2 protein chains.
Amino acid sequence: MDRSQVRMSLKSKGIAATKPRVLLLEILWGINAPISVQQLYQSNSEKFALSTLYRVVNDLATADIIETFTSPDQNIWIEIKAEDGHHHHLYCESCETVIDIEMDEEFEASISDLRDQLSKKYNITIVDHSFELYGKCSGNVHCACNLD
Amino acid sequence: MDRSQVRMSLKSKGIAATKPRVLLLEILWGINAPISVQQLYQSNSEKFALSTLYRVVNDLATADIIETFTSPDQNIWIEIKAEDGHHHHLYCESCETVIDIEMDEEFEASISDLRDQLSKKYNITIVDHSFELYGKCSGNVHCACNLD
DNA sequence: TTGACAATGAGACTCATTCTCATTTATACT
DNA sequence: AGTATAAATGAGAATGAGTCTCATTGTCAA
Ligand SMILES: [Mn+2]
Ligand SMILES: [Mn+2]
Ligand SMILES: [Zn+2]
Ligand SMILES: [Zn+2]
């Protein structure tokens, strides 16, 4: 995904291809992994105002271009919205890293069933769900969390 | 669970039965549902200092008497620790209520499997997981979330 | 009862996130 | 192009949940 593709994808979602929006997407495509807004700001504080970063994150999330979720230490994490649908996260409390997790279809299907059931039982429209795992990586010298 | 039982249960966990701890547990037994620390403080600000409330919540969680979890709006919710083990939550975004959810054993078993797999794959000790559903109750006049 | 030590309360502090508003940039229309 | 209109940005103030400090108070074993 190069700059002009990013600009086009913004346009196609009906949202202006402004400098911070393009830049944020370029960064996210570059790292291809979840990152917290704070981490992102720390490495790019010359490029964005913090307020702009949060606003742009919001814009892109509303436009369904990125996904956000909140880790237990109250940071917002973002990543490019996966084309192949829903997935979940493993959060390493030692190194404060988030790893994308894939579930098998059976598991996702049972979650889907559950959503239907609960929706009826409580007369609530279920809009989303989250499944997150919390762990601690073994080594303190170097962290294996990012390895496959 | 009356006051003397609460005091005894505190002692049995090796933690002093101080006034705020006993009071908090009485309140939790009384409502018998998850509540956020902020909500709890708003209805009881004469009875606790806010700092004490958070500290006591921590003490009781460490002593395994209550459970805590964080909602997407970053509030800490607490409830008496369920004797029959793990369960999950449905959070109503309209009325900011949390409902306890039971899963069937099959579902919990597949979560357990998943934890084992991931633990090996990423060389991480999985310490916990959370599964939460987010919904919106239908009526704005009155909310059906608390009904069974 | 008393002394050692644990717990509390008031409020200062932190820090991620949100808000405000003046300035800049994009877009639309002559 | 030039101007009007609207959208987006940036700097920093404000917010608010949660944490920390430390002087005071309460607990409990001896
Ligand atoms: Mn992800
Ligand atoms: Mn619960
Ligand atoms: Zn790690
Ligand atoms: Zn509701």
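Which helices each supply at least two residues of the surface near DNA strand C? Notes on that and the rest follow.

1. **What we have.** This is a predicted model, where local features need pLDDT of at least 70, side-chain atom pairs count only at pLDDT 80 or more, and totals for chains, interfaces and linings use all residues. Residues are numbered from 1 along each chain as its sequence is written, chains are lettered from A and ligands numbered from 1 in the order in which they are written, and side-chain values use heavy atoms, leaving out hydrogens and water.

2. **Chain A in outline.** Chain A has 5 helices and 6 strands (DSSP runs numbered from the N terminus: helices are H or I with at least four residues, strands are E with at least two). Reading from the N terminus, the elements of chain A go α-α-β-α-α-β-β-β-β-α-β. Taken along the principal axes, the C-alpha atoms of chain A fill a box of roughly 45 × 45 × 25 Å.

3. **Helices 2 and 4 of chain A.** Have a look at helix 2 (residues 19–31) and helix 4 (residues 50–62) of chain A: their axes come within 10 Å and cross at roughly 75° (axes are lines fitted to C-alpha atoms, for helices over the stretch in contact, with angles from 0 to 180 degrees between N-to-C directions). That makes helix 2 of chain A roughly perpendicular to helix 4 of chain A (65 to 115 degrees counts as roughly perpendicular, under 35 as roughly parallel, over 145 as roughly antiparallel, and the rest as oblique). Helix 2 of chain A brings A:Pro20, A:Arg21, A:Leu24 and A:Leu25 to the contact, while the residues from helix 4 of chain A include A:Thr52, A:Leu53 and A:Val56 (contact means heavy atoms within 4.5 Å). By class, this helix 2 to helix 4 contact in chain A has 7 nonpolar, 1 polar and 2 charged residues (Ala, Val, Leu, Ile, Met, Phe, Trp, Tyr, Cys and Pro count as nonpolar, Asp, Glu, Lys and Arg as charged, and the others, Gly among them, as polar).

4. **DNA strand C.** Back to the opening question: the helices are helix 4 of chain A, plus helix 2 (19–31) and helix 4 of chain B. Helix 4 of chain B gives the most to this surface near DNA strand C, with 4 residues. There are 15 residues around DNA strand C, and A:Tyr54, A:Gln74, A:Ile76, B:Thr18 and B:Thr52 come nearest (near means that a heavy atom of the residue lies within 4 Å). Sugar and phosphate make up 66% of the atoms of DNA strand C that come within 4 Å of the protein.

5. B:Ser51 has a polar side-chain atom 3.1 Å from a base nitrogen of DNA strand C.

6. **DNA strand D.** Helix 4 of chain A gives the most to the surface near DNA strand D, with 4 residues. Phosphate oxygens of DNA strand D lie 3.2 Å from a polar side-chain atom of A:Arg21, 2.8 Å from a side-chain N or O atom of A:Thr52 and 2.8 Å from a polar backbone atom of B:Ile76.

7. **Chain A against chain B.** The contact takes 37 residues from chain A and 36 residues from chain B. About 3,100 Å² is buried between the two chains, with carbon and sulfur atoms giving 66% (buried area is the accessible area, 1.4 Å probe, that two parts lose on being put together, summed over both).

Note on methods:
Polar contact = N/O pair within 3.5 Å; in protein donor to acceptor, adjacent residues only side chain to side chain.
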